[in-house]
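Me: I have a structure open and some quick questions about it. Can you go through it with me?
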Amino acid sequence: MMNTNQAPAKRHMGLKALNRASNTVIYTLLVLISIIWLIPFVFIVFQSFRVESTWQVGYVIPKQWGFDNYIRLWNTDFKKWYLNTFIIAVAAAGLQTIIVLCMSYTLSRFRFKLRGPLMRFMLILGMFPGMLTMIILYRVLSDLGLTQSNAVPGLILVTVASSGMGYYVSKGFFDTISKSLDEAARVDGATRLQVLYKIILPLAKPIVIYTILTGFMGPWGDFVFARYVAMGTSSGYNVAVGMYSWLTNDQISSYYTTFCAGGVIVALPVTILFMCLQKYYVEGVTGGAVKG
């Protein structure tokens with residue numbers, strides 16, 4: 001007769017074996033998905049070091065390796081496009097972060113008459129695709145002289161103008177911070193700005209970094225509106241629009257490998273930034289995903 005103490009032990013061992021098997025299947029699937037996802041990026045990296053030809057070929061591993069494509073890259077307008085993109089991304093990230101955090105703190109801590117209708121109004125506006133406003137936005141920017149060669153300040157203005165409506169995640173994070181800290185600081189004579197700057201933001205480091213990252217990555221990869229605003233003027237291009245001009249039928253055979261080298265250069269800053277701050281990014285998303 002089986003010992004009654006052996007039955008729970010066997011069930012426990014069975015559960016452990018089942019968990020190991022399920023984890024093995026899950027990790028194998030994730031590895032396969034990662035490999036499939038990384039194949040195009042590996043292909044681009046390999047092609048950026050190919051020097052035996054500049055056009056598309058039917059093989060992945062170069063026959064001759066070198067840095068010719070990267071050297072040629074910096075002899076084009078790529079430097080100007082890269083600088084434009086960097087200026088737009090940094091300015092937008094900084095201004096967006098300030099606006100979003102101030103808006104989030106206000107909606108999290110203050111109670112005023114139009115607070116609810118304002119939040120609902122911004123939520124409804126956010127449901128409309130940005131494409132619907134492209135024509136009128138271009139007209140406004142054109143009247144202000146912020147298109148074509150002056151596309152950089154125009155893109156910064158458009159990116160920052162509506163950033164206050166992206167308060168949802170940040171507000172959710174602020175809602176998790178006890179309001180008693182605000183009250184204690186106010187009793188000690190701190191202003192609202194001092195409460196936000198000296199007390200709330202140090203406790204909300206993950207959401208601050210999350211806001212900076214999202215504010216930076218959006219303009220860094222912008223293409224549709226950036227191309228529309230620059231409208232054929234190379235000096236106003238960002239890297240996405242500028243490099244796209246190399247993919248036309250009359251230029252792709254001469255600039256394909258240079259395009260791949262540019263793709264590697266463009267991907268490096270965002271990849272390094274995200275890898276270094278990934279922990280805070282995840283904490284910001286999960287910490288802000290609460291009902292406020």
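Me: Is Lys 171 buried or exposed?
Reply: Lys 171 counts as buried, at 4% relative accessibility. Keep in mind that this is a predicted model.

Me: Which residue does Lys 171 form a salt bridge with?
Reply: Asp 175 is the partner, and the closest N and O atoms are 2.8 Å apart. Asp 175 is partly exposed, with a relative accessible area of 27%.

Me: How many salt bridges does a search of the whole structure find?
Reply: Three. Another one joins the side chains of Asp 182 and Arg 109, at 2.9 Å from N to O.

Me: Which helices do Asp 182 and Arg 109 lie in?
Reply: Asp 182 lies in helix 8 and Arg 109 in helix 3, so the pair ties together parts that are 73 residues apart in sequence.

Me: And are they buried or exposed?
Reply: Asp 182 is buried, with a relative accessible area of 4%. Arg 109 is buried too, with 10%. The cut-off for buried is under 20%.

Me: What else does Asp 182 touch?
Reply: Leaving out residues up to four places away in sequence, Asp 182 touches Tyr 105, Val 195 and Ile 200 as well as Arg 109.

Me: What about Arg 139, which residue does its side chain meet in a salt bridge?
Reply: Asp 143, at 3.8 Å from N to O. Both lie in helix 5, four residues apart, which is about one turn of the helix. Arg 139 counts as exposed at 52% relative accessibility, and Asp 143 is exposed with 55%.

Me: New topic: which residues touch the most other members of the largest nonpolar core?
Reply: Phe 78, Tyr 82, Trp 220, Val 239 and Val 266, in a core of 34 residues. The largest share of this core comes from helix 3, with seven residues.

Me: What does Phe 78 touch?
Reply: Not counting residues up to four places away in sequence, Phe 78 touches Leu 73, Val 239, Met 243, Trp 246, Gly 262, Ile 265 and Val 266. Apart from this core lies another one of 14 residues, with Phe 173 and Ala 185 among them.

Me: Rings next. How many aromatic pairs are there?
Reply: The structure holds 20. One of them is Trp 74 with Tyr 82: the ring centres are 6.4 Å apart and the planes are at 65°, so the pair is edge-to-face. The cut-off for edge-to-face is over 60 degrees.

Me: And how are the rings of Tyr 138 and Tyr 228 placed?
Reply: Their centres are 5.1 Å apart and their planes are at 50°, so that pair is tilted. Tyr 138 is in helix 5 and Tyr 228 in helix 11, so the pair ties together parts 90 residues apart in sequence.

Me: Which residues form an aromatic cluster?
Reply: Phe 46, Phe 49, Trp 65, Phe 67 and Tyr 70 form one.

Me: Last one, the surface. What makes up the nonpolar patch?
Reply: The patch is about 1,100 Å², and its residues include Phe 112, Leu 114, Phe 128 and Tyr 168. Helix 4 gives the largest share, five residues. Tyr 168 is found in helix 7 and is partly exposed, with a relative accessible area of 35%.

Key. Residues are numbered from 1 along each chain as its sequence is written. This is a predicted model: local features need pLDDT of at least 70, side-chain atom pairs count only at pLDDT 80 or more; totals for chains, interfaces and linings use all residues. Side-chain values use heavy atoms; hydrogens and water are left out. Patches are made of residues with over 30% relative accessible area and no salt bridge: like charges are joined within 9 Å, nonpolar side chains (Val, Leu, Ile, Met, Phe, Trp, Tyr) within 5 Å. Accessible areas come from the Shrake-Rupley method with a 1.4 Å probe; for residues, only the protein chains shown count as cover. A salt bridge is a side-chain nitrogen of Lys or Arg within 4 Å of a carboxyl oxygen of Asp or Glu. Helices (H or I, at least four residues) and strands (E, at least two) are DSSP runs, numbered from the N terminus. Buried means under 20% relative accessible area, exposed over 50%, partly exposed in between (1.4 Å probe, protein chains only). A nonpolar core is a set of buried Ala, Val, Leu, Ile, Met, Phe, Trp, Tyr and Cys residues joined through side-chain atoms within 4.5 Å. Contact means heavy atoms within 4.5 Å. Rings of Phe, Tyr and Trp (its six-membered ring) pair if their centres lie within 6.5 Å; planes under 30 degrees apart count as stacked, over 60 as edge-to-face and the rest as tilted.
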